Amino acid sequence: MKINFEVAKSIVDIFPSDLLEHSYNVCYLSTRLAAHLGYKNEKLQNLAIGALLHDIGKTRIGQEVLNKPGRLTDEEFAFVKKHTVIGSDLIRCFRNHQSILPVVLYHHERWDGNGYDRLKENEIPEPAQIVTIADAFDAMTTNRPYQKTKSLVETLHELNKNKGLQFSPTLVERFESCIIENTKGIHPFTSDFPFVKVLKRQVTPVWKKATKNIPVKEKPK
Ligand SMILES: [Fe+2]
């Protein structure tokens, strides 16, 4: 069987609700950034599918660990870190899994080489670098048991602080201009702003719109 956007959506739709929302948000944000970078057609669609399924491996990790309010033990943390490899094993059943594998496997790499698999800078496939930024943005702007939601200003500050450490410096800059472009007049540095909430409330209709024009190109048999 081949994975396409519709199949990916049907998989995500049975995720637990917080993972489902996170997956859609990351897909939406990654797709917007990728389109801003000039991704089109099949390349954009593969990015969207990979982003939607980036955390599929977490479906094999207990909710009590994922939502634990306190610090994870070393053992629990080591298990959570395995979600990239578990996820890559889960998608191998799709004939065309290679097109989304880099995102699932490498979205926890860091620009400075201190991520899960210690790839660094442009050794990390670009789609995975994109999803890393979208993932961090959504994590910081979401209320989680172990952290308070950050405002847009705080989140962009945090992304900038980690340019060249966790994130590609160029992609953080492009992401920031993409976010500013999409605020349509609400300047994130001058208003502490309803944008993240607006984005989240609208995320379902907006990501549908953002991904609706991605053509599904079936290769001739
Ligand atoms: Fe992840």
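This is a predicted model: local features need pLDDT of at least 70, side-chain atom pairs count only at pLDDT 80 or more; totals for chains, interfaces and linings use all residues.
**View 1. Helices α1 and α3 pack side by side at an angle of about 10°.** Here we look at α1, residues 5–12, and α3, residues 41–52, whose axes are 10 Å apart. The two helices are therefore roughly parallel to each other. On the α1 side, the contact is made by Phe5, Ala8, Lys9 and Val12, and these face Gln45, Ala48, Ile49 and Leu52 of α3. Sorted by class, this contact of α1 with α3 has 6 nonpolar, 1 polar and 1 charged residues.

**View 2. Helices α8 and α9 pack at an angle of about 140°.** The pair shown is α8, spanning residues 126–140, and α9, spanning residues 152–161, with axes 10 Å apart. α8 and α9 are therefore oblique to each other, and their crossing is right-handed. Follow the side of α8 with Ile133, Ala136, Phe137 and Met140, and you will find them meeting Thr155, Glu158 and Leu159 in α9. By class, 5 nonpolar, 1 polar and 1 charged residues take part in the contact of α8 with α9.

**View 3. The helical pairs sit in a protein of 11 helices and 0 strands.** Stepping back to the whole chain, the pattern along the sequence reads α-α-α-α-α-α-α-α-α-α-α. Of the 221 residues in the protein, 36% are buried. Among contacts between residues at least 6 apart in sequence, 67% join residues at least 24 apart.

Definitions and conventions: Residues are numbered from 1 along each chain as its sequence is written. Axes are lines fitted to C-alpha atoms, for helices over the stretch in contact, and angles run from 0 to 180 degrees between N-to-C directions. Helices (H or I, at least four residues) and strands (E, at least two) are DSSP runs, numbered from the N terminus. Angles under 35 degrees count as roughly parallel, over 145 as roughly antiparallel, 65 to 115 as roughly perpendicular and the rest as oblique. A crossing is left-handed if the near helix is turned anticlockwise from the far one by less than a right angle, and right-handed if clockwise. Two residues are in contact if their C-beta atoms, placed from the backbone, lie within 7 Å. Ala, Val, Leu, Ile, Met, Phe, Trp, Tyr, Cys and Pro count as nonpolar, Asp, Glu, Lys and Arg as charged, and the others, Gly among them, as polar. A residue is buried if 20 or more other C-beta atoms lie within 10 Å of its own, exposed if 12 or fewer, and partly exposed in between; C-beta atoms are placed from the backbone.
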